[in-house]
Amino acid sequence: MALSSPAHMICFAHRGASGYEPENTLRSFSKALELGATWIECDVRKVENELVVFHDRTLSRLTGSSGWVGNQTIASLRALKVKGSEQIPLLSEVLALLKGKARAQLELKGAGSGDLLARYLNGMLSQGWAADSFLISSFDHEELALFKRACPAIPIGILLYGYPMNTPQMAQSLGAYSVHIDLETVTPKRVSTLHELGFKVFVYTVNEPTDISAMRAIGVDGVFSDYPDRVLSTQN
Ligand code: G3P
Ligand code: CA
């Protein structure tokens with residue numbers, strides 16, 4: 001799977017073009033496409049037996065409503081508005097928008113999301129979607145392992161808080177394609193060690209032009225940005 005070259009840093013539009021439009025909404029993903037993004041990142045949760053795109057565990061920050069997302073019905077979630085105007089999208093709606101235009105970096109959030117997403121994406125593969133249209137990540141490495149076991153064809157990336165000493169071993173044991181590191185903890189040494197072991201290195205969340213340049217200088221393979229245009233406009 002050839003995702004990048006040294007001269008080219010992938011840009012994952014983080015929750016869409018979330019610096020400009022309400023995060024994780026069709027409006028935000030459409031804006032990211034308009035800006036030229038070829039990879040979209042979004043957060044996937046299981047609600048009832050459906051996959052919805054929503055970052056938080058609770059409703060308050062984004063909808064002004066209260067309660068846990070996982071305790072809602074799809075009908076009640078779909079009646080809410082993100083930032084007062086946008087419907088919470090189903091994953092199927094997001095993929096329909098991206099089809100033929102951009103690839104999907106799907107982050108598993110919450111228990112039960114891995115197995116359900118694996119079953120869903122196995123269905124997409126059998127309909128002709130390419131496995132490298134997707135890259136699946138999670139901070140929850142157990143959930144990620146459940147995904148990988150049920151859908152081995154699609155690449156996975158381990159998401160890190162901080163930089164645990166056993167990061168390379170974790171990535172190897174999960175069969176990861178990539179390691180996703182916080183901007184706060186990425187270093188040139190960590191990037192080169194992971195590269196020597198054959199992993200791609202993607203860094204989140206990189207919004208400031210100086211940080212975008214710094215990531216390019218240390219040779220990371222890609223960055224997540226709320227402002228994809230800032231990354232894309234400085235590509236070689
Ligand atoms: O995948 C990078 C980034 O999305 C992880 O953090 O909180 O934005 O989902 P968060
Ligand atoms: Ca995310």
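Modeller: Before we start: a polar contact is a pair of N or O atoms within 3.5 Å. Also, this is a predicted model.

Colleague: What about Glu 41 and Lys 109?

Modeller: For Glu 41, a side-chain N or O atom is 2.9 Å from an oxygen of ligand 1. For Lys 109, a polar side-chain atom also lies 2.9 Å from an oxygen of the ligand.

Colleague: How much of ligand 1 does the protein bury?

Modeller: Ligand 1 exposes 300 Å² when taken alone, and the protein buries 90% of that.

Colleague: Which residues surround ligand 1?

Modeller: Among them are Arg 15, Asp 43, His 55, Glu 107, Phe 139, Tyr 204 and Phe 224.

Colleague: Switching topic. How many residues does helix H5 have, and how far does it reach?

Modeller: H5 covers residues 113–126, which is 14 residues. From first C-alpha to last, H5 reaches 20 Å, close to the 20 Å expected at 1.5 Å a residue.

Colleague: And what comes just after H5?

Modeller: Gly 128, which takes a positive phi of about 110°.

Colleague: Which residues of H5 are buried?

Modeller: The buried ones are Ser 113, Gly 114, Leu 116, Leu 117, Ala 118, Leu 121 and Met 124. They pack against several elements, including strand S4 (103–108), strand S5 (134–138) and helix H6 (141–150).

Colleague: Why do residues three or four places apart in a helix point the same way?

Modeller: An α-helix has 3.6 residues a turn, so residues at that spacing point the same way.

Colleague: Which residues touch the most other members of the largest nonpolar core?

Modeller: Leu 106, Leu 121, Phe 134, Ile 136 and Phe 147, out of 55 residues in that core. H5 gives the most to this core, with five residues.

Colleague: What is Leu 121 in contact with, leaving aside neighbours within four places in sequence?

Modeller: Leu 95, Leu 106, Phe 134, Ile 136, Phe 147 and Ile 154. Apart from this core lies another, of 12 residues, among them Val 52 and Phe 54.

Colleague: Last one: is Thr 167 buried or exposed?

Modeller: Thr 167 has a relative accessible area of 0%, so it counts as buried. Thr 167 is in helix H7, and its side chain reaches the backbone oxygen of Pro 164 at 2.6 Å.

Technical notes: Residues numbered from 1 in each chain as written. Chains lettered and ligands numbered in written order. Predicted model: local features only at pLDDT ≥ 70, side-chain atom pairs only at ≥ 80, totals over all residues. Heavy atoms only, no water. Helix = DSSP H or I, 4+ residues; strand = E, 2+ residues; numbered from the N terminus. Buried < 20%, exposed > 50% of the residue type's maximum accessible area, 1.4 Å probe, protein only. Polar contact = N/O pair within 3.5 Å; in protein donor to acceptor, adjacent residues only side chain to side chain. Expected span 1.5 Å × (residues − 1). Contact = heavy atoms within 4.5 Å. Core = buried A, V, L, I, M, F, W, Y, C linked by side-chain atoms within 4.5 Å. Near = heavy atom within 4 Å. Areas by Shrake-Rupley, 256 points an atom, 1.4 Å probe, with all protein chains shown as cover.
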